[in-house]
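Here are a few notes to read with the model open beside you. Take the points in order and find each residue as it comes up.

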Amino acid sequence: MALLLSSSLHPPTSPLNPKLNSLSTPLPNAVVTKRQLIINTTTSFSIIFGVQPNPVPQCLAQPSNPSKPSVLNIANTKAWFQFYGDGFAIRVPPEFEDIMEPEDFNAGASLYGDKAKPRPFAARFASTDGSEVLSVVIRPTNQLKITFLEAQDITDLGSIKDAAKIFVPGGATLYNARTIKIKEDEGFKTYYFYEFGRDEQHIAIMAAVNGGKAIIAGTTAPQSKWDDDGVKLRSAAISLTVL
């Protein structure tokens, strides 16, 4: 699989090394369970695509623009387990485990004519301690941007700069923004990649569009974890392939 990278927003190498706590300070004597840790870790990613019960609008403010070009460091993921989902495939980092809940599989079904609820996640994996999470969500493109025609390519949602208003929450610090073209049998498929920080979390997402649906893979972790595992997590997001 050939990758062609082009920088559209001139990203920097790193976010000026912000000193952030790994998670919100827990209450004294409180026990943070793995499930709570996963929820805390994925809150920012969930809010962007409205998979929380009360989603917050993501474009209250423009994300800050990066200023310096950099090399996008990624690892070779061919030896990783490849998960196949509904219209996509993605590589899962070693020692990550499937954390999909039963309700995630049941969503999308309807009974007796009731309107089906969208599945919150198409795939979800986490590290053994729950602090690092890989998620995939699928959304109709007309929920992300009002268009008269069905989007067939992510460029139909605008340039990588314009689409940042969809994929990067307001107030986030944008570290990286790239257009990635992957060679396929019939030409090249365009993906948008964004890496940003929000609150205490570091997030990387890879997004593409196919048949009116946006497929978005995201990895999230506390900034302190990203310092050590950022290449692995970034590589997992970039491994997204639309089938």
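Predicted model: local features only at pLDDT ≥ 70, side-chain atom pairs only at ≥ 80, totals over all residues.

1. Residues are numbered from 1 along each chain as its sequence is written, and side-chain values use heavy atoms, with hydrogens and water left out.

2. Now look for an open sheet of 3 strands, in the order β2-β3-β11, with antiparallel pairing. Its edge strands, β2 (81-85) and β11 (241-242), each pair on one side only. Strand β3 (residues 88-92) joins β11 over 2 bridges, and F88 has V242 as its bridge partner in β11.

3. Stay with F88: is this residue buried or exposed? F88 is buried, at a relative accessible area of 0% (buried means under 20%, exposed over 50%, partly exposed in between, with a 1.4 Å probe and protein chains only).

4. Rings of Phe, Tyr and Trp (its six-membered ring) pair if their centres lie within 6.5 Å; planes under 30 degrees apart count as stacked, over 60 as edge-to-face and the rest as tilted. The count by this rule is 4 aromatic pairs. F83 and F88 form a tilted pair because their ring centres are 6.1 Å apart and their planes are at 45°. Ring pairs link F83, F88 and F125 into a cluster.

5. Finally, visit β7 (residues 173-184) and β8 (residues 187-198), antiparallel partners over 11 bridges. A hairpin through 2 residues joins β7 to β8, and I180 has Y191 as its bridge partner in β8.

How values were computed. Pairing = 2+ DSSP bridges. Helix = DSSP H or I, 4+ residues; strand = E, 2+ residues; numbered from the N terminus.
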